[in-house]
Structure formats: structure tokens, C-alpha cells
Amino acid sequence: MIDRLTLFADVILPVPIHRSFTYRIPFELNNDIQVGCRVIVPFGKSKMQTAIVLNIHQNIPLTYQSKYIEAILDHTPIVTDKQLQFWHWISRYYMSPIGDVMNAALPSHLKLASETKFEIHPDFDEKNSQLDDREAEIVDYLEHKEVCDLKEITDLLALKTIQPIIKKLIEKRVLISREEIKRRYSPKTVLCYKLVPQFQIEHNLNVFIEELELSKKNSKQVDAIMAFLKHKLDNEEYLPIQKSYLVSKEVSSSALITLEKKGVIEAERYQIDRINNEKKQSNSFKALSNPQTKALTELNESMESNNVTLLHGVTGSGKTEIYVQIIQDHLDQGHQVLFLLPEIALTTQLIQRLSAYFGEKIGVYHSKFNQNERVEIWNKVLTNDPNEFRIILGARSSIFLPYQSLGLIIVDEEHEGSFKQYDPSPRYNARDASIVLAHMHQAKVILGTATPSMESYYNAKQGKFGLVELNERYKGLKLPEVMFSDLKRERRLKNMNSHFSNFLLEEMDQVLKKGEQVILFQNRRGYTPLWSCEICNWTPKCNNCDVSLTYHKHANHLKCHYCGFTANPVGSCPSCGSTRLNMIGFGTEKIEDELSLIFQDKIIKRLDLDTTRAKNAYEEILNDFDNGFIDILIGTQMVTKGLDFDNVYLVGILDADMLLNRPDFRAYERSYQLMSQVSGRAGRLGKQGRVIIQTGDPDHWVIQLVAEHNYQKFYENEIIERKNFNYPPFYKVISLMVKHKNINLVELASKELATNLKEIFKERVIGPEFPIIQKIKNYYLKEIKLKIERTAPEKKVKEKLNERLELFYQQVEFKSVKVVIDVDPL
Ligand code: ADP
Ligand code: ZN
Ligand code: ZN
């Protein structure tokens, strides 16, 4: 009889520890417990934790007295065997504690720990809710207690499996977790227009229209007002109208702006229901062009024999429409599809395009989402719901969903660094991990990009991945013409106006005069990166980090971009007393400031971390740009990401040298990618765009190849460097960052660890060396790098490394030293 057997469960706890823990299963739970279910267990001093059952067995732990499992939270597993296998792979490969992987993988609502507090949902209405006895008991309890935790509810009901009850109450909006209240999303808004009350009066409006009609050039404004009147007729009252709706009815944006200035209409933002709005139902697919059809055929062929295929298609070649066809094939076969994007916030356009085709079948998933929604998606993916969430569009964490029938993973913009998580651990790369995930599901992977990472292109060239190339833009549109401003020459000839060459300014002027738009790219935010004393070279530094402070003019302070430390600007040099402080370099804020003096009648906006902190700020700026409300958009790398605008004809890259001169082996690869990607925003709708690169070195080979749009050649040059200097893809790098507040201890510990590692890894150990930034948030850093041949047995390398770390930590004096391990750092 199973219910009389003494059973134990190994469980994973969401704590940064490398092993699992064993608990005794109470007899009465013997029949209910299953691998992949959550259980509540005591952990530490009188604390309860949610854990995942990994394994059930009869082996009595010999070294310690195991505690009892308190309760089971699920009737059926919420984590699949494949997921557990995947978690273990991530934990092993990226050398992260399995508990960290669990933490990254599970939405926090599934990790209801003892600390999670519940209260009655503000929308709860007792009269209209049907509660059973137990549910009512919880509600009664909460009505006088106001908040309680899971343990209290367990005690209250004297039940071992309370989670299903809690879950139901959360779903019925009877209970809500404290955390959720704090995190409620701020709703998305849309820009609407309405007639001001004065002009809703027929007589006033008629008088105004008559005036307008006196001049022919006002006809667009008249059309706009007619659209408002038509809308009123249809709806029988004046309602605010979405701007996008008006524009779709051929109302001109500039007429709306003029009418707003004249005080006839007013703009206001209204909330819309976030998800529903994005799920308009299916449009029909676009017919593919010949080159697209050819690429599609090649992709399908490649996928027959390769697990992974790289789709290298230039910017604007129409990769999305190709994905759409392949996704549909997989949906027809009953597969789930994962579409990985570098950053959800930056890809609203893509979400809208795909939603137009797949409607309800799409679920968007990422870590900043509302927790209830994340749990809902988790459950629908787990139960393999045939109608909803067949396609998951998500940022890196969506590789952790409980897929049941995954058939295809698309990694769009596969070269993007944001697929790699740096903090917190696990430091995984979702692109690479997704290949492992696909393998477990026997699913196919497509990596898509205009500028492949060196690793992926190498793999494709080696025949490890399939390769499909699409070298022309949709409709044969030409890639932009790239020109240079030679900064050395322009400076000599006094052809510069602050940071802008006259050539760039003249080109901008011409484009703007035609009513077309400009994007300027400078990969540095703030005003100036550096203040420096002309006499003694003093620069203001952060108190906590070894970096110079960046001046932000708007906030009028000096700020550290690593820890957020701020200081007041200084009037004189604290070191020598001189007042001759120079500003060196320039960031997006300074460009905005200076351009607003040069192009006074143009609307200039900035897209960077500082202007997009508010919840929907990013979308609003992009929408405004898309709708022609902005003439010049200045941005950091945010402007390079997958945007598709119709009216941009000029892109300016203000400081190419800053990109190229970074002390990092990926500097050229990054420079090529960023410059090509931002250039790709120029010219759409049948007209070739133009790019102007400002540089002191126009003959630099990377810049030349950007201008030629010659990725192939770039790859061939760069791969030789990588080979000569033992870098990826030929070698795999593992970085070990030794951290402590005491610099002497960091020196000592890193030396010891390096010596220790050299015994095994020999000349593959590089360092210890100070990284470029030696101190961050008061921690001193020293880095040891391992460079391991890609052909080396990966598992064994990690095992040996772990052994050595174990030895290192056995030395008492190093117990407080932190070693941050980063496998395949970017
Ligand atoms: P990529 O992702 O390769 O840069 P996109 O998929 O964004 O390119 O396509 C570029 C533009 O061309 C988009 O505006 C898209 O709507 C349009 N486009 C691509 N393929 C087609 C097609 N077959 N029919 C109509 N428009 C297309
Ligand atoms: Zn000085
Ligand atoms: Zn700092």
C-alpha cells in the first residue's frame, strides 16, 4: 500500500544554492504528490517556501533529519519533465544555482512563498459572488484580518492542499496578492481628438467652416472637420476619436495640429484595454514577392535537414512576411510557436503586425507583465489550449514556458545582445538556450537578422546551421546610399557647427523642407559624458564606482550611469581651483539642445533611456514619429531596433569612432551591426534613403563595408581576427569576476584563484586583470578569463572548474569573496 510507504521528495527551492533538498512526505500526501508539482516546505528559521518536486523516492537522507512537506499546491504538475531537464541544462551550462533558474523561470505568482500576503480584491462584491464554505471561511477571516499569508490559510482550513482554493479565489477576483496591487500596470493610452464644446454648437462650427472655405489652402482642415461630423452622425453624439482612426480616413495630421492650435479641437489621451486592442482579427496574408518566395522555399528545404537555419535578409527584405507563412504551417500542424524578440518594449510594431494576422492565437509574454496574465499564459501553454496562445511572442524569459507541442522557434534579430541576461543569475543567452530547448522538443529554429552575429554566421558557414540569404529589399527598393563627413577635414576647414558638419546640416535641411523625417544616432545619453579641468585634467567621479559622471542638463546634475549616484555640477575645479572646466564629448541631450537652436521650427524628440522611463513613453514617441508629429528623432541604440517608418529619408550617425574604439573584442561586430541597422531605417515606400556617417577615419575598413552593405566581406575579415586572437567563435570564454569591498582581498583572492585554475587550464587562464571599470557600487573587481577551445568537452570543463572553485572556497579567508561567473559573456 503506497499510503503506508515512507517516501521522500527531492525538491528545488528558489534560493541560490546548487543542490536540491530532500523532504519527508507525510503519509496522507503519498497518493497526491507528483513530480513537477509545487509543495510548501519549511526552510530556514520558521520560514515557508514554495518548492518544485523533482523526484520521489525511498532513500532516507543519511546526513540530516529531513523535515516534512507541509502541503501540496497542485493536483497536476505545473512544470513538465522537459522543463526540469531544460532547467538543469541551463544550471549546468551557465553554472548557475538551480534555484536561480527556477526563480527566473516561474512567474512570481506561482512561487507564492510564505511571505506572500493576500487581501480581499478591491473589486470583490460579496452579494454577487458564489462562494463555497471554505472560500467563505477565508473571506470571513480576511474581512477582520485584512491581510494574511498562505500559512495562516493552511492553518485556518486545516488542509494540506490549499493552493487550488487560493488559485480559484484569485481567478474569481476575490483575493489579490499584495505584490499584485503594487504592480498593477498603468493602462495604455491612445491619442484622441474631439471638438471643443464651443464648436460642438452647430452655428459656431458653420461659421468657422465658412471662413475656412474662403481659402482653398484650408481644404484639408475642412476635410478633417467633416470627418468629425460624419463620426457624430454615425454615433449620434460627439465622442473622442482615435487619431489613428482619423488618419486611416485620410485626415491629414498637419490639419489636426493646425485645428488644435486654433482651439477648434483638443487632444487627449484615453485608456484602452491593453490586450484586447492588440488582437484585431485576421487580415489576409500578403502575397510574397519572387525573392521572398524563393527564400521561403529554401527555408523549408533547409528545415527538413537542419535543426537550425539562419535567415540572413537585409533590412527591409520582408523577413516578417516569410515568418508569417512558416508560423501558419506550424499552426496547421497543431504546433506551438515561440517567437523570441530582443526586447518587447521596443517591438510594438512587430506585435501589431503579427496580431493583425493571428489575433487571439498570439500571447505576449515578458517579465514586466502583470503577474496574473503571466500565470494565465503559463496555464494555457501548459494545457496546450487549442485556441489561445498558440504563438508566444516574448522576450528572453519566454523560453521558460511549459510548452507541450513546440514545433518552431523564431529568434528575430538574433544578433542582439539583449538575449543575454546578465543580472541576476542565471546568466543565460536565450538565443543559444532556445536551440537546446528546440532540440528537446524536436522543434525547428530560425535565426533571423540582417546582421548575423559572428557565431551564427560561422555556424552556418561550417554547415552546422542551414543558411538562407535574402539580399534585396522588398520591391527591389535600394539599400540607402552611405556618405561620409570626414571630421578631421571638416574641422580643419572650419566646416563644423558644434558637433554637426555643415554637410550633415545642409542635407537635413533639404530633407526637412520636403516634409520628410530624419533620424540621428548617437550611442550615448545625457548631455556630456565628461567635464574636465583644462589646467589639471581633473574630472568629476562617482563616489561608489570608478567612472566619470555624466552631466544631465535637464536635471542639472552629474550622474553615474552604473549606480545612479548624483552630484551637483561644480563651478570650479576642486583640485586646483581653476574655473576653466571643459565639456568633452556629447550625448543625445546635448544634440537635442543644440539642434533646437539650428532647426527652430522643427519638432525634435529624443529616444533614450531617460525619455522612455515612463510606462508607455516609448510607444508614444514612436507613434508620434510614425504619425509625422516629430521631424527629427535623436536616439541611442534604441532607434536601431526593428523599426519600420515610411517617411525617413536621412539617417545621421554622429560619432562612428566612439563605436569603433571601444576596448572590446566585439567592438567591430557591434559597430557594423549598429551602423547597418540604423542605416536600414532610411528609405522606404519606394525611395532610396541616405545615410551620413561622421567619422575621423572614413577609410576605416568597417565603415567602408557598412557603406558597401557588404556583410559577407565584413565577416571574412573579422573572422580572421577572431581566429588569430583566440576569440569566439573559435574559443569559448568564461569570465570569473572576483568582487569584494576590500581591494586587498580582491587582489589576493583573484591571484589565488588564477593560480589554482592554471594548474588545470594552463595558458587558457588570462588575468587576473582589472576590468575597464575597476569599482562598481563600492565593490572592487578583478577579472579572470578562461578561453577554452570550442572543441573541448564542455561538460568536463565545467566540472573541473567547479572542483577548483570548491577548493578556492574551502579557504576560510575567501569565504566573503564573491565570484560572479559568466559563461559566454557578451
Ligand atoms: P525586415 O524585417 O526584413 O526588415 P519587413 O518585414 O519589416 O522587413 O518588411 C519591410 C516592409 O515591406 C514592411 O513595411 C512590409 O510591410 C513590407 N512588405 C514586405 N513583404 C511584403 C509583401 N510580400 N507584400 C507587401 N508588403 C510587404
Ligand atoms: Zn583643475
Ligand atoms: Zn556609480
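1. Basis of the note. Because the model is predicted, local features need pLDDT of at least 70 and side-chain atom pairs count only at pLDDT 80 or more, while totals for chains, interfaces and linings use all residues. Residues are numbered from 1 along each chain as its sequence is written, chains are lettered from A and ligands numbered from 1 in the order in which they are written, and side-chain values use heavy atoms, with hydrogens and water left out.

2. The zinc ion (ligand 2). Cys-533, Cys-536, Cys-573 and Cys-576 coordinate this ion through their SG atoms at 2.3 to 2.4 Å, where donors are N, O and S atoms within 2.8 Å of the metal (3.2 Å for Na, K and Ca), and sites may look incomplete since water is not among the atoms. The angles among the four donor atoms run from 104 to 114°, and the site is tetrahedral; four donors count as tetrahedral if all angles lie between 85 and 135 degrees. Along the chain the donors follow the spacing C-x2-C-x36-C-x2-C. Cys-536 lies in the loop between S23 and S24, and Cys-576 in the loop between S26 and strand S27 (581-584), so this pair ties together parts that are 40 residues apart in sequence. Helices (H or I, at least four residues) and strands (E, at least two) are DSSP runs, numbered from the N terminus. Cys-536 is partly exposed, with a relative accessible area of 30%, and Cys-576 is partly exposed at 36%; buried means under 20% relative accessible area, exposed over 50%, and partly exposed in between (1.4 Å probe, protein chains only).

3. The zinc ion (ligand 3). Here the protein donors are the SG atoms of Cys-542, Cys-545, Cys-560 and Cys-563, lying 2.2 to 2.4 Å from the ion. This site is tetrahedral, with angles of 101 to 114° among its four donor atoms, and the donor residues are spaced C-x2-C-x14-C-x2-C in sequence. Cys-542 belongs to the loop between strand S23 (530-533) and strand S24 (550-552), and Cys-563 to the loop between strand S25 (557-559) and strand S26 (566-567), so the pair ties together parts that are 21 residues apart in sequence. Of this pair, Cys-542 is buried, with a relative accessible area of 7%, whereas Cys-563 is partly exposed at 24%.

4. The surroundings of ligand 1. This ligand is surrounded by 16 residues, the closest being Ala-287, Gln-292, Gly-316, Tyr-474 and Asp-644; a residue is near a molecule if one of its heavy atoms lies within 4 Å of it. The largest share of the shell, three residues, comes from helix H14 (residues 319-332). By class the shell has four nonpolar, six polar and six charged residues, where Ala, Val, Leu, Ile, Met, Phe, Trp, Tyr, Cys and Pro count as nonpolar, Asp, Glu, Lys and Arg as charged, and the others, Gly among them, as polar.

5. Polar atoms facing ligand 1. A polar side-chain atom of Gln-292 lies 2.8 Å from a nitrogen atom of ligand 1, and an N or O atom in the side chain of Tyr-474 is likewise 2.8 Å from a nitrogen atom of the ligand. For Lys-286, an N or O atom of the side chain is 3.5 Å from an oxygen atom of ligand 1. Taken alone the ligand exposes 550 Å², of which the protein buries 82%; accessible areas come from the Shrake-Rupley method with a 1.4 Å probe.

6. Lys-380 is placed in helix H16 (residues 371-382) and counts as buried at 19% relative accessibility. Its side chain is joined to that of Glu-388 by a polar contact of 3.2 Å. In the loop between H16 and strand S15 (391-394) lies Phe-389, which has a positive phi of about 50° although it is not a glycine, and which is buried, with a relative accessible area of 5%.

7. Other backbone features. Most residues other than glycine have a negative phi, and most peptide bonds are trans. Lys-762, in the loop between helix H27 (743-761) and S33, has a positive phi of about 50°. A cis peptide bond joins Ser-425 and Pro-426, with omega about 5°, and another joins Gly-767 and Pro-768, with omega about 10°.

Conventions. Four donors count as tetrahedral if all angles lie between 85 and 135 degrees; four count as square planar and six as octahedral if opposite donors are over 155 degrees apart and all others between 65 and 115; anything else is irregular. A polar contact is a pair of N or O atoms within 3.5 Å; within protein, one must be able to donate a hydrogen and the other to accept it, and residues adjacent in sequence count only if both atoms are side-chain atoms.
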